[in-house]
Structures are given as structure tokens and as C-alpha cells.
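Colleague: Could you zoom in on one part of this model for me, the packing on the inside? I'd like the whole story in one go, with the cut-offs spelled out as you use them.

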Amino acid sequence: MSDIAAPVSPKASRFRLDRVVAMVCIALVGYCAYAFFSGIGAISTALAAFSWWTFFAACGLAFGNYVLRVFKWEFYLSRLGIRGVPKLESALIFFSGFVFTVSPGKVGEMFKSWVLFETHGIPVEKTAPIVIAERVTDVLGIVVLILVGSTAFGGQKALVLAGVGVFLVLTLLLVISSQKLSYGLIALVGKLPGPFTRIAPKLHDAYASLATLVRPRNLVIPTIISIFAWMLECLSLWILLRGFGEPASVALCCFFYATSTLAGAIIPVPGGLGV
């Protein structure tokens, strides 16, 4: 059995879980420190006047984001010719990837590929590229929301950030679209010492899946889904602000939420913490 497709040992699982718990604790400490220095009294006063129905409405909108992204997951599976996975089970497998969502660039979401392998014997290298395709279309969708939100005011800095995001996506797509360049990079990996020589053949299979997923015709529908999915997150911010009595416009909320999300995605820190 290959190193990539082999089940994760209990020791490795505990190690990864420890890292996830550590990142959650760091985030919790960070938010508590922010609350302390911002003034506990002021926060308590604001919460006392908060309309709590907006909290539940925002949770519903945020959950809608994940539901839409399940459809994107199903779209990618169908494009890779993966059949026979019950829809409910497939959705649960998709949600399992969020166990490691605090990993840098959310690469830990490849855990769902491991679950697919364990439950249906589908090679990890075939479905792992879905995570990359998801990030590509997420960035494209978020850039659209930044451009829409920037109409609320002159956000030149955010437009520069959007341009950086588009540049990175186009660069990635350019590399993937060139088989000669991609296979050349894989060959270089195969020449590295240690386990890299065994990984290189798997990268060939992974590249075949990734090249399929990022074809222009396979980018349109997932990008549209990403726009609407992340729009729901922007609306959740908008409705929470309404709960605090802040009349911010939807466009402004799209701008701020999408900009901060893109910044957190571009800068490789776990879960975008601090960004």
C-alpha cells in the first residue's frame, strides 16, 4: 500500500488532533485578549442591546454557505467519474474535512479524501486535488464579491488585494494547464531524496484529476456556487450588524467580509488567525 493512501496511524491522528486543539486554543486566547483590551464593559453593554434573533438568522445563512459548497463537492466528484457514494454519506464526508479547516490554506481538508478512501476505496490522489480546485473557485468567487462591494466606496487597497488573488489563481491555472511544466515539476520532486521518490508517481495521478477540475468548463459552475455561498456569509455579517443597530449596507459588508477572507486565504497562517 502506498504512503499516500495508507490509513493514518493512531499516533499521527493524535498528533494532528493535538495541533487542531492547539490552534483552537490560540484563537480562543486571542479573542479573549481582544475582548479584554476592548473593554469587557462595553462589550457587555452592546450584547445587552443585541437582537438575538439575528444571531440565529446569521447561523442559518452561514450553514447555507456550507450546504451550497456540498453541491460544489458533488460537482467535482461527478467530473472525476466517481459514482456510488450515497448523497447523504457524501455530504457527511464533505463536512468531515472541516475538522482540519484551521490548517494553513485549509490543506487539512484533504482529510475527506482519506475518508473516501477508507469508506469506498477511492484513491486519495484522485480526490485530493478537489481541495485545490475548491480554493481556486473560492478565490474567484470572493474576488467578485470584493469588486461588487467596492462600489460602496473607493477601496483601492482592497482592489489591489483582489488583483493579487486573481494573479495567484491565474498563475496556478497557467502552471496546471501546461503539462510539460507540471510533469517537469513532478519529475524534480521524484529526484528528491527520501519518500519523495515514492510520492512522484502519485502526483502524476493527482495532476490528472486537477487538470480535469480546472478546465474552463469546470470552473464556471463551481465559481457561481462560490459567489452565492460566500454571499450568504456576507449577509450573515450584515444581519449581525443589524442586530447591534448598525445600518451598514449589504455592499459594504460584502466588501469587508470578502476582503478579510481573501487576506486570510493568501497569507499562509492556520485558519487565517490574526489576519
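Modeller: Buried means under 20% relative accessible area, exposed over 50%, and partly exposed in between, with a 1.4 Å probe and protein chains only. Keep in mind that this is a predicted model: local features need pLDDT of at least 70, side-chain atom pairs count only at pLDDT 80 or more, and totals for chains, interfaces and linings use all residues. Residues are numbered from 1 along each chain as its sequence is written, and side-chain values use heavy atoms, with hydrogens and water left out.

Take Ile130 as one example: leaving out residues up to four places away in sequence, Ile130 touches Trp73, Tyr76, Leu77, Leu80 and Leu213; contact means heavy atoms within 4.5 Å. In soluble globular proteins, nonpolar side chains tend to be buried together.

Now for α3 and its partners. Helix α3 (residues 53-79) packs on helix α4 (residues 87-96) at an angle of about 110 degrees, with their axes 10 Å apart. That makes α3 roughly perpendicular to α4. For the geometry, axes are lines fitted to C-alpha atoms, for helices over the stretch in contact, and angles run from 0 to 180 degrees between N-to-C directions. Angles under 35 degrees count as roughly parallel, over 145 as roughly antiparallel, 65 to 115 as roughly perpendicular and the rest as oblique. On the α3 side you'll find Phe63, Tyr66, Arg69, Val70, Trp73, Glu74 and Leu77, meeting Lys87, Ser90, Ala91, Ile93, Phe94 and Phe95 of α4. That contact divides into nine nonpolar, one polar and three charged residues. The classes go like this: Ala, Val, Leu, Ile, Met, Phe, Trp, Tyr, Cys and Pro count as nonpolar, Asp, Glu, Lys and Arg as charged, and the others, Gly among them, as polar.

Helix α11 (residues 216-243) is another partner: its axis and that of α3 come within 8 Å and cross at roughly 170 degrees. That makes α3 roughly antiparallel to α11. The α3 contact with α11 has 21 nonpolar, seven polar and four charged residues. Asn65 sits in α3 and counts as buried at 0% relative accessibility. Not counting residues up to four places away in sequence, Asn65 touches Ala229, Trp230, Leu232 and Glu233. From the α11 side, Ser236 is buried, with a relative accessible area of 7%. Neighbours within four places aside, Ser236 is in contact with Ala58 and Leu61. By contrast, Phe71, also placed in α3, is exposed at 53% relative accessible area.

α11 packs on α7 as well, where the axes come within 8 Å and cross at roughly 55 degrees. The two helices are therefore oblique to each other. Residues of α7 in this contact include Val136, Leu140, Val144 and Leu145, while those of α11 include Leu219, Ile227, Trp230 and Cys234. Eleven nonpolar, four polar and one charged residue make up the contact of α7 with α11.

Last stop, α5. Its buried residues are Lys112, Ser113, Val115, Leu116 and Phe117, and what covers them includes α3, α4, α6 (124-127) and α7. After α5 comes Gly121, with a positive phi near 70 degrees.

To step back, the protein has twelve helices and zero strands, and buried residues make up 38% of its 275 residues.

How values were computed:
Helices (H or I, at least four residues) and strands (E, at least two) are DSSP runs, numbered from the N terminus.
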